[in-house]
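Colleague: I've got the file open, so let's go through it piece by piece.

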Amino acid sequence: MSDIIRKQSQGRDIVIIIDRDLCKGCDICVKVCKTGALELEDASDKWEGAVVAIKDVEQCNFCRLCEIQCPDFAIRVLRKEEEASVKLPVETKKTAAE
Amino acid sequence: MAVDYLYYLRADKLPHMWCPGCGVGVVVKSMIGAIDQLGWEKNDTAVVSGIGCTSRAPGYMDMNTLHTTHGRALTFATGVKMAAPDKHVIVISGDGDATAIGGNHFIHACRRNIDMTLIIVNNNIYGMTGGQFSPTTPYGAKAATTPHGNIDPSFDLAQLAIGAGATYVARGSVDNARMVQKYIRDGLAHHGFSVIEVLSNCHTQYGRRNKMSDPITMVDWIASQVVPRNKAEKMSPEELQGKIITGELHRNAERPEYTDEYRKLIERVQAKQAARAGARP
Ligand SMILES: Cc1ncc(C[n+]2csc(CCOP(=O)(O)OP(=O)(O)O)c2C)c(N)n1
Ligand code: SF4
Ligand code: SF4
Ligand code: SF4
Ligand SMILES: [Mg+2]
């Protein structure tokens, strides 16, 4: 149902998670990212026609600016141990339906 | 530890209604971050709003929420706080909501120094209703109702709040959400009436009439005008021309808080009545 992209760094403790159903392709995260870890991609299946994609998780320096400046709660940058304490919309919707 | 934003949101209502890149989402996220930092319980917290794009925020928040009438959020919020003074009350308002139709409520809430926090998302326009000019539309700017440029001088919201008696006043901007979160947290923690003005982008209604129709251009425009207070203190009046100072602008811990005063009044009157009843033969 949900459209989540998750990428984990090979050597470092960094996970980037994108909820493609929440992303509106505004480009803010791509512009604030100083390392070029993110890019915008065409998404004709989405209302806004574009969503953010993870270009290269290995470039990420864990500054979390993308997450902090995203107006749509659509991107998360986490440590692996933090993942368990953070809900994604898919889980929240499941709880609501139960 | 990372903030669990969705714990504080009605996630089944997402995605929210705001345009791609709208600053309101950034402010809401900063507000959640601040509540999380303070460890406030959702059940002990109320978020109140009036009408406008900004005022749609409580609808997405999984807390005690009130979406009231245009300009009147502070009056409803005052009622909540007076009825439950031990609870936390936050008001989120647009520039129009807080200082046009709601301007009178705004100054009087400041004057009373009631322990609440008002967050004003100042996007210089009536976003929701099609881009009419507001009391904070800059001089010369175009709006739906100022097609030839605005001739009204604009309000300085933070100075207005300070002049009217608010006891914590700060100004941030959406290009720096970390600082916005810090000011909101400090405002929430402050015992008294706190006002946090956040300069924000409505590229859809303001930007597109003023050559900034995308969020990136408009947020960059905001970022180009702001100067942090510590830096501004070292600048000359000429250098500060056209700049907007951000930071914690005012703090006063001396003035009495309104619900404290009200409690004391009740105690005083009750003691007097009890004494009178005791003196009766
Ligand atoms: C009594 C009343 N008058 C007018 C309106 C129409 N109205 C709705 S929102 C709004 C202004 C919104 O501007 P602002 O408060 O700056 O919020 P924004 O949409 O920019 O976040 C107006 C005039 C109304 N809903 N109720
Ligand atoms: S800032 Fe958020 S909504 Fe905008 S493109 Fe990035 S993830 Fe998507
Ligand atoms: S955390 Fe920083 S470096 Fe990593 S993707 Fe986000 S903005 Fe780029
Ligand atoms: S109209 Fe303006 S304030 Fe309203 S959601 Fe769009 S960008 Fe935001
Ligand atoms: Mg507005």
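Colleague: What stands opposite Val169(B)?
Modeller: His250(B), which sits in strand 8 of chain B. Strands here are DSSP E runs of at least two residues, helices are H or I runs of at least four, and both are numbered from the N terminus. Before we go further: this is a predicted model, where local features need pLDDT of at least 70 and side-chain atom pairs count only at pLDDT 80 or more, while totals for chains, interfaces and linings use all residues. Residues are numbered from 1 along each chain as its sequence is written, chains are lettered from A and ligands numbered from 1 in the order in which they are written, and side-chain values use heavy atoms, with hydrogens and water left out.

Colleague: OK. How many bridges join strand 5 to strand 8 in chain B?
Modeller: Four, between residues 168–173 and residues 244–251, and the two strands run antiparallel. DSSP has to find at least two bridges between strands for them to count as paired.

Colleague: What packs on the sheet there?
Modeller: Helix 6 (residues 177–189) of chain B does, touching strand 3 (88–94), strand 4 (117–122), strand 5, strand 6 (194–199) and strand 8 of chain B. Contact means heavy atoms within 4.5 Å. The direction of helix 6 makes about 165 degrees with that of strand 5 of chain B. For angles, axes are lines fitted to C-alpha atoms (for helices, over the stretch in contact), and the values run from 0 to 180 degrees between N-to-C directions. Helix 7 (residues 215–225) of chain B lies across strands 5, 6, 7 and 8 of that chain, at about 45 degrees to strand 7.

Colleague: And in what order do the eight strands form the sheet?
Modeller: The order is 2-1-3-4-6-5-8-7 in chain B, an open sheet with mixed pairing. Strand 2 (64–67) and strand 7 (226–228) of chain B each have a single partner strand, so one side of each is left without a neighbour in the sheet. From one strand to the next, the twist averages 20 degrees.

Colleague: Switching to chain A: how many strands form the open sheet?
Modeller: Three, in the order 1-2-5, with antiparallel pairing. Strand 1 (4–8) and strand 5 (75–78) of chain A are the edge strands, and the twist averages 10 degrees from one strand to the next. Strand 2 (residues 15–19) of chain A is joined to strand 5 of chain A by four bridges, and Val15(A) stands opposite Leu78(A).

Colleague: Now ligands. Which residues are closest to ligand 1?
Modeller: Out of 16 around ligand 1, Cys53(B), Thr54(B), Asp95(B), Gly96(B) and Asp97(B). Being around a ligand takes a heavy atom within 4 Å of it. Helix 3 (residues 95–99) of chain B gives the most to that shell, three residues.

Colleague: Which side chain has an N or O atom 2.8 Å from an oxygen atom of ligand 1?
Modeller: That of Asp95(B). Polar backbone atoms of Gly127(B) and Gly96(B) each lie 2.9 Å from a ligand 1 oxygen. Ligand 1 has 600 Å² of accessible area on its own (Shrake-Rupley method, 1.4 Å probe), and the protein covers 73% of that area.

Colleague: What comes nearest to ligand 2?
Modeller: Cys23(A), Lys24(A), Cys26(A), Cys29(A) and Cys70(A), from a shell of 13 residues.

Colleague: And what surrounds ligand 4?
Modeller: Among others, Cys19(B), Cys22(B), Cys53(B) and Cys202(B), along with Trp18(B) and Asn123(B).

Colleague: Backbone check: which peptide bond is cis?
Modeller: Leu14(B) to Pro15(B) is, with omega near 0 degrees. Pro15(B) comes in the segment before helix 1 (23–38) of chain B. Also, Phe62(A) has a positive phi of about 65 degrees though it isn't a glycine, and it sits in the loop between strand 4 (50–54) and helix 2 (65–69) of chain A. Most residues other than glycine have a negative phi, and most peptide bonds are trans.

Notes:
Polar contact = N/O pair within 3.5 Å; in protein donor to acceptor, adjacent residues only side chain to side chain.
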